[in-house]
Each structure stands twice: as structure tokens, then as C-alpha cells.
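Below is a short report on strand pairing and salt bridges in one protein model. Please have the sequence and the structure in view while reading.

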Amino acid sequence: MVPSAVLSRRQQNIERRGQLTRSEPANPPAFRQRIVETKNLKLHVTELGEGPPVLLLHGFPEFWYGWHAIMPKLAAAGYRAIAPDLRGYNKSDKPEAVSDYALDTLASDVPALLDALELRS
């Protein structure tokens, strides 16, 4: 056992209780990240798991990381969790024209992404 003078208060508490107290998992999941090209733009996509797909869409002002805690649970349940950064966010394309952010344009990005991922028939 390490002398308690060397350990921080948090480390002492963890050692005393014999458990982790941090919010991160002991073995972080292996998120797969890639750029997916749709007809009109490139979207950064993070995936985890195999099985039936579950598409997780963030809101303003989030990005894919808003789903990072739920994705391992979906993967453990046998699903393929897919969390894109939507148009204008994080590592996805950020068109300059205001008209490129109209609701119908934003909505059309979702089926375009599903097509690029070959998830629509």
C-alpha cells in the first residue's frame, strides 16, 4: 500500500472504498470515428457496437459527444449506435450560406446520411 501522505484525498477515498469514483469507465469504449460523404457535404460520424442501427441526433449547441454515455449501453444491448455531428457542428462541414441551414435542408441531411451509410433501401 502506498503511504497516505503520497496519495491525494481522492485516491485515498478510492483505495479505502475499493471502488472507482470517477465518471469515466475503467475501460473506455472504442468509439469508431470517420467522415461520411453524402451528396452535398461531409459529416463526422461516431459509431459504437454492431447490430441494428440506432441513429442519435444532437440538438443545439451539442455535437456527437452528447451521446457518449448512452452509446456504450446501446452497444452492450446489441445495437449499432451512430452519432453524427450535424451540418455546421464540430468536425462536419460548415457551409457559409445562411440558406444552407434552412430546416428542410437540415432535415434532408438525415436521409442523405442514411443513404451514405447504406442503411436505407
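The report covers a strand hairpin and then the salt bridges.

## Basis of the model

This is a predicted model, in which local features need pLDDT of at least 70 and side-chain atom pairs count only at pLDDT 80 or more, while totals for chains, interfaces and linings use all residues. Residues are numbered from 1 along each chain as its sequence is written, and side-chain values use heavy atoms, with hydrogens and water left out.

Strand E1 covers residues 32-37 and strand E2 covers residues 42-48. Helices (H or I, at least four residues) and strands (E, at least two) are DSSP runs, numbered from the N terminus. E1 and E2 run antiparallel and are joined by 6 bridges; strands pair if DSSP finds at least two bridges between them.

The two strands form a hairpin, with 4 residues between them. Glu 37 stands opposite Lys 42 in E2.

The model has 4 salt bridges, each defined as a side-chain nitrogen of Lys or Arg within 4 Å of a carboxyl oxygen of Asp or Glu. In one of them, Arg 34 meets Glu 47 at 2.8 Å, N to O. This pair links distant parts of the chain, with Arg 34 in strand E1 and Glu 47 in strand E2, 13 residues apart. Arg 34 is partly exposed, at 38% relative accessible area, whereas Glu 47 is buried, at 3%. Here buried means under 20% relative accessible area, exposed over 50%, and partly exposed in between (1.4 Å probe, protein chains only). Arg 34 and Glu 47 also belong to a network of salt bridges that includes Arg 80.

Arg 32 forms a salt bridge with Glu 50, and the closest N and O atoms are 3.6 Å apart. Arg 32 lies in strand E1 and Glu 50 in the loop between E2 and strand E3 (53-55), so the pair links distant parts of the chain, 18 residues apart. Arg 32 is partly exposed, with a relative accessible area of 34%, and Glu 50 is exposed, at 58%.

The side chains of Asp 109 and Arg 87 form a salt bridge at 2.7 Å, N to O. Asp 109 is in helix H3 (residues 103-116), and Arg 87 is in the loop between strand E4 (80-84) and H3. These two residues are 22 residues apart, and the pair links distant parts of the chain. Both Asp 109 and Arg 87 are buried.
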